[in-house]
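This report describes a single protein chain for a reader who has the sequence and the coordinates at hand.

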Amino acid sequence: MALRFYDTASRSVRDFVPLEDGKVGIYLCGATVQAPPHIGHIRSGVAFDVIRRWLTAKGYDVTFVRNVTDIDDKILARGEEQGIPYWDVAMRNERAFTRAYDVLGCLPPTYEPRATGHIPEMVELMQRLIDTGHGYAGDGDVYFDVRSYPEYGALSGQRLDDMKDAADADPRGKKDARDFAMWKSAKPGEPAWDTPWGPGRPGWHIECSAMAAKYLGANFDIHGGGLDLVFPHHENEIAQSKAAGDGFANYWLHNAWVTTAGEKMSKSLGNSLLVDQVVQRVRPVELRYYLAGAHYRSMLEYSDEHVAEAGQGYRRIEGFLERAAQSLGIAGVPDVSADARPAAFDAAMDDDISVPQALAVLHETVREGNAALAADDDAAVRSAFDAVLAMVDVLGINPYAEPWASGGGEGRETEVIDALVHALLDQRQQARARKDFAAADAIRDGLDAMGIKVEDTPTGARWSLN
Ligand SMILES: [Zn+2]
């Protein structure tokens, strides 16, 4: 059976045929680096990491591009609020995103272009659009004329007549309220680049059109992103690139978002869902297992309890691998044999990356392996071990592979630290109970000196790293 994807543009499941035999180009819309990532931001990175790994496992040479949007209204506003340059905000948050991708085992992209490094490419694309009657300049802004492109609205399934006005901040020189800004003229004090239409900065959509073409060519295989980007972002990318004569993406893949209490996760929920914070409470490999475990097109309802349940599932797999390795006398890092992957697992992955079905095959193999261990059937243990290893490797959760291999990764260390801190907090609690406040304070001060902040809450003491 062939690999197939649900393509948002055609609203159908289509066999995947690459433009060039044996090669795949993927462009994934990356972060707008205005704040550090929460769990909702990072799901797309994990989902497309699994897709990329599966394409690689199938023998494709994958070029994976994920951009960084390092200039935008919100980044400028953050810089203003904090009295620091916009690039300070952008660079700090870009590092936080990189940390989050790394800690969750996402392979680094082949290329990771920043928007501000590609202004000449954007100017060239806008010039082409102006020359062909699809773009126009007005009061220092440059707009895309949506009426000039008859397919506008096709991706999101909207008719132009039903569309709302484009939400551009200052529609100074617009001819039609639905036209969107490709370039925004600079206000006093704002960062600006010179163009034939005056100094200004790029709009979000033109960035992706220009960067995708630069690194993947005018026509490429897959464009990905979160479901919330379909309109206006991806609709506008398509309009710019196709109106300029580029073939652009052949397949459009969108991941669903993460919800909390039924609502789309957002920054307003506070810091507790920041990836940096969650990985203090949860082993990163278990968080990845949880995020990758749902189908990428299904909404995922986040709670610490759901992650803990997923963690149990992962530990069943890990426990089997450990016991099997011991029983088979395997020392060191075992080789992964792709041939050992069950056909049913491959079929599930080929079916629009159906990870839930693939995990069902994986857990069935673990059950068979555990039965083989109980029956001392070495040959069956070995074949289950090889099969499980090959499957976890594709999903990026192979405990013998980096980043998990180095002593179980940061998560294992966090677990140990958590246990130690709680042992000390118990002692502190006992000291308080016997009214030995000097001893209780000494424990707290000792933790403080190690950089561990203790907070007393109605449900007990909580700790975090300073
Ligand atoms: Zn984009």
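How many of the residues of helix 8 (residues 284-293) are buried? Helix 8 is mostly covered, with 10 of its 10 residues buried. Among them are Pro284, Glu286, Arg288, Tyr289 and Tyr290. A residue is buried if 20 or more other C-beta atoms lie within 10 Å of its own, exposed if 12 or fewer, and partly exposed in between, with C-beta atoms placed from the backbone. Helices (H or I, at least four residues) and strands (E, at least two) are DSSP runs, numbered from the N terminus.

**Basis and confidence**

The model is predicted; local features need pLDDT of at least 70, side-chain atom pairs count only at pLDDT 80 or more, and totals for chains, interfaces and linings use all residues. Residues are numbered from 1 along each chain as its sequence is written. The predictor's confidence in each residue, pLDDT, runs from 0 to 100. Its average over the protein is 93, and 96% of the residues score at least 70. Over residues 407-411 the pLDDT is below 50, although this stretch has 13 contacts in the model beyond near neighbours in sequence. Two residues are in contact if their C-beta atoms, placed from the backbone, lie within 7 Å.

An α-helix has 3.6 residues a turn, so residues three or four places apart point the same way. In helix 2 (residues 73-82), the residues Ile75, Leu76 and Arg78 are buried. Viewed down the axis of helix 2, these buried residues fall within an arc of 160°, so they line one face of the helix. The arc is that of the directions from the helix axis to the C-beta atoms. Helix 3 (86-103) is what the buried residues of helix 2 pack against. Gly83 follows helix 2 and has a positive phi, near 65°.

In helix 10 (343-350), Phe345, Asp346, Ala348 and Met349 are buried. These residues cover an arc of only 160° around the axis, which puts them on the same side of helix 10. Their cover includes helix 1 (39-57), helix 11 and helix 12.

**Packing of helix 4 and helix 5**

Two packed helices are described by the angle between their axes and the distance between the axes. The axes of helix 4 (residues 119-131) and helix 5 (residues 204-216) come within 9 Å and cross at roughly 105°. Helix 4 and helix 5 are therefore roughly perpendicular to each other. On the helix 4 side, the contact is made by Glu121, Met122, Leu125 and Met126, and on the helix 5 side by Ile206, Glu207, Ser209, Ala210 and Lys214. By type, the residues of this contact comprise 5 nonpolar, 1 polar and 3 charged. Ala, Val, Leu, Ile, Met, Phe, Trp, Tyr, Cys and Pro count as nonpolar, Asp, Glu, Lys and Arg as charged, and the others, Gly among them, as polar. Axes are lines fitted to C-alpha atoms, for helices over the stretch in contact, and angles run from 0 to 180 degrees between N-to-C directions. Angles under 35 degrees count as roughly parallel, over 145 as roughly antiparallel, 65 to 115 as roughly perpendicular and the rest as oblique.

**Backbone geometry**

Most residues other than glycine have a negative phi, and most peptide bonds are trans. The table lists departures from this pattern.

| Site | Feature | Value |
|---|---|---|
| Phe231 to Pro232 | cis peptide bond | omega near 5° |
| Glu402 to Pro403 | cis peptide bond | omega near 5° |
| Phe248 | positive phi | near 60° |
| Asp352 | positive phi | about 55° |

Pro232 lies in helix 6 (residues 230-243), whereas Pro403 is found in the loop between helix 12 (378-395) and helix 13 (409-433). Phe248 belongs to strand 10 (residues 248-255) and is buried, with 23 other C-beta atoms within 10 Å. Asp352 is in the loop between helix 10 and helix 11 (355-374); with 19 other C-beta atoms within 10 Å, Asp352 is partly exposed.

**Two individual residues**

Pro191 lies in the loop between strand 7 (180-185) and strand 8 (200-202). Because it has 16 C-beta neighbours inside 10 Å, Pro191 counts as partly exposed. Leaving aside neighbours within four places in sequence, Pro191 is in contact with Ile71, Tyr86 and Arg201. The C-alpha atoms of Pro191 and Ile71 are separated by 9.2 Å, at 120 residues apart along the chain.

Ile130 lies in helix 4 and is partly exposed, with 19 other C-beta atoms within 10 Å. Beyond its neighbours within four places in sequence, Ile130 is in contact with Gly135, Tyr136 and Ala137. Ile130 and Ala461 are 331 residues apart in sequence and 62 Å apart in space, C-alpha to C-alpha.
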